[in-house]
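Subject: Handing over a structure

Hello,

Here is the structure I promised to pass on to you. Please open it first, and then read my notes beside it.

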Amino acid sequence: MKYAQTRQVMAIAPVIPVVVVSDAASAVEIARALVAGGIRVIEVTLRTEAGLAAIEAIAQQVDDICVGAGTVWTEAQAEQAIDAGAEFMVSPGIADDVNAVAQARDIAYLPGAQTVSEIAHLKRQGVTATKLFPASVVGGPAAIKAFASVFPDLVFCPTGGIKEDTARDYLALDCVPCVGGSWLVSADAVAGGDWEAVRLAAERAVALSDS
Ligand SMILES: O=C[C@H](O)COP(=O)(O)O
Ligand SMILES: CC(=O)C(=O)O
């Protein structure tokens, strides 16, 4: 069982941008803008029809970015995402079938948890890195501190309700190498094709790792 790759993905940038795309062409533009701003990782959710095609397009057309699939719930979705070029997978909660595919195909995987019992379940499955979702609702940095006290060997990628002005509070914790968030790629920027706004948001996100 290899989970080192998950921590490698988490080390790429202080923020994993989570995107919901409506077409593959704009997904490629988003990915290029993120790379131009210094963020070389992107999680494309499978919440839209375009998700898989977007992952494939980014994998084929954008250099120097680690593309992953988010909102992966089923074995079939996991297989399709990896075949499309996903280098990591994310689930908002526990999805044992997806974990099994991740292990079988030796790919990075970040499953979500909200409670101590869910984290304990993931740990029993061999998971050493989990996302906390929705982080702001579950209790924010204070909740992560409490979870870390009983799971000192785990790292977290809190996601959900985190913004540019609150990300540092999470990143200040030793057990949080990165956070996830959709704020870098706003719906307005995508609707207006404002890739410069995405690039600038990515630049500011890179700066979050400055102490
Ligand atoms: O739907 C949730 C996103 O995946 C991440 O949450 P966010 O939009 O609050 O950053
Ligand atoms: C919330 C998230 O990251 C996901 O949908 O996978």
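Below are notes on how to read the model, then on its strands, its core and its ligands.

This is a predicted model, in which local features need pLDDT of at least 70 and side-chain atom pairs count only at pLDDT 80 or more, while totals for chains, interfaces and linings use all residues. Residues are numbered from 1 along each chain as its sequence is written, and chains are lettered from A and ligands numbered from 1 in the order in which they are written.

Helices (H or I, at least four residues) and strands (E, at least two) are DSSP runs, numbered from the N terminus. Because 5 of the 5 residues of β2 are buried, this strand is largely enclosed by the rest of the structure. Buried here means that 20 or more other C-beta atoms, placed from the backbone, lie within 10 Å of the residue's own. From β2, V41, E43 and T45 point one way, and I42 and V44 point the other way.

Strand β2 has parallel partners: strand β1 (residues 15-19), over 2 bridges, and strand β3 (residues 66-70), over 5 bridges. Two strands pair if DSSP finds at least two bridges between them. V44 is the bridge partner in β2 of V19, and in β3 the partner of V44 is A69. The chain crosses from β2 to β3 through helix α3 (residues 51-61), in a right-handed β-α-β crossover. Right-handed means that, with the strands pointing away from the viewer, the path from the first strand over the helix to the second runs clockwise. Another right-handed β-α-β unit is made by β1, helix α2 (residues 24-37) and β2.

V44 also matters for the next topic, the core. Which residues touch the most other members of the largest nonpolar core? They are V44, I55, A81 and M89, out of 68 residues. Such a core is a set of buried Ala, Val, Leu, Ile, Met, Phe, Trp, Tyr and Cys residues joined through C-beta atoms within 7 Å. Leaving out residues up to four places away in sequence, V44 touches, among others, V19, A27, I55, V67 and A69; touching means C-beta atoms, placed from the backbone, within 7 Å.

There is also an open sheet of 3 strands, parallel and in the order β6-β7-β8. β6 (112-113) and β8 (155-156) stand at the edges with a single partner strand each, so one side of each has no neighbour in the sheet. In β7 (residues 129-132), A129 and K131 point one way and T130 and L132 the other, and all are buried. K131 is the bridge partner of G112, and T130 that of F156 in β8. β6, helix α6 (residues 116-124) and β7 make a right-handed β-α-β unit.

Lastly, the ligands. The residues around ligand 1 include V18, T159, G180 and W183, and those around ligand 2 include V18, E43, T45, T159 and G180; a residue counts if its C-beta atom, placed from the backbone, lies within 6 Å.

Enjoy exploring!

Best wishes

Terms used:
Buried ≥ 20, exposed ≤ 12 C-beta atoms within 10 Å, placed from the backbone. Contact = placed C-beta atoms within 7 Å.
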